[in-house]
Amino acid sequence: MSLAARDALLSRLAGVAWPAGPLLDALALSPEAAVLDVGAGDGGLLRAWEAWGHRGRLAGVDPAPGPGVQAGTAGALPFPEGAFDAALFVRSLSHVPDARGPCGRRGGCCGRAAS
């Protein structure tokens, strides 16, 4: 079962869509922060963040990207080092073979926040 199918099934069984709001509240990032969503799928979290009023750069990558999401993986990001303030791995970090890769080291894709 794909992650999208699993999420749809869980949402249907629970009677609610996946709750992005509590996650966005908990992150407490600046509204101007540049944020990368790794494993963005169809870009749902990015759209929720835009609707939430985020004004900074939002980008997503996924091996099987939906509309508005770029093709890519955590191990081969299509962005230069330091391009983002934060990287999100919502329900996707467990699929990254080496979490110490580009987003897991100082000076990687999140070098702006790490420096």
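The entries below go from ground rules to a helix, a strand residue, a loop residue and some side-chain pairs.

**Ground rules.** I am working with a predicted model, so I kept local features to pLDDT of at least 70 and side-chain atom pairs to pLDDT 80 or more, while totals for chains, interfaces and linings use all residues. Residues are numbered from 1 along each chain as its sequence is written, and side-chain values use heavy atoms, with hydrogens and water left out.

**Helix α3.** I took helices (H or I, at least four residues) and strands (E, at least two) as DSSP runs, numbered from the N terminus. For burial I used relative accessible area: buried is under 20%, exposed is over 50%, and partly exposed is in between, with a 1.4 Å probe and protein chains only. I asked which residues of α3 are buried. They are L45, L46 and W49. Seen down the axis of α3, the buried residues fall within an arc of 100 degrees, so they line one face of the helix; the arc is that of the directions from the helix axis to the C-beta atoms. A reminder to myself: an α-helix has 3.6 residues a turn, so residues three or four places apart point the same way. On the face turned away from the buried side of α3, I found the exposed residues E50 and A51.

The buried residues of α3 pack against α2 (20-27), β1, β2 (58-62) and β4 (86-88). Just after α3, I noted that G53 takes a positive phi of about 105 degrees.

**D37.** I found D37 in strand β1. Is D37 buried or exposed? D37 has a relative accessible area of 3%, so I logged D37 as buried. Leaving out residues up to four places away in sequence, D37 touches L45, L46, A59, G60, V61 and L88. Two of these names, L45 and L46, are also among the buried residues of α3.

**D42.** I then moved to D42, in the loop between β1 (35-38) and α3 (44-51). D42 counts as partly exposed because its relative accessibility is 47%. The side chain of D42 reaches the backbone nitrogen of G44 at 2.9 Å. Leaving out residues up to four places away in sequence, D42 touches R47, G66, P67 and V69.

**Salt bridges.** How many salt bridges does a search of the whole structure find? It finds 2, taking a side-chain nitrogen of Lys or Arg within 4 Å of a carboxyl oxygen of Asp or Glu. One joins R55 and E32, with the closest N and O atoms 2.2 Å apart. This pair links distant parts of the chain: R55 is in the loop between α3 and β2, E32 is in the loop between α2 and β1, and they are 23 residues apart. R55 is exposed at 59% relative accessibility, whereas E32 is partly exposed at 44%. D42 and R47 also form a salt bridge, with the closest N and O atoms 3.8 Å apart. R47 is partly exposed at 44%.

**Aromatic pair.** F79 and F84 form the pair, edge-to-face, at 4.9 Å centre to centre and 90 degrees between the planes. Both F79 and F84 are buried.

Key:
Contact means heavy atoms within 4.5 Å. A polar contact is a pair of N or O atoms within 3.5 Å; within protein, one must be able to donate a hydrogen and the other to accept it, and residues adjacent in sequence count only if both atoms are side-chain atoms. Rings of Phe, Tyr and Trp (its six-membered ring) pair if their centres lie within 6.5 Å; planes under 30 degrees apart count as stacked, over 60 as edge-to-face and the rest as tilted.
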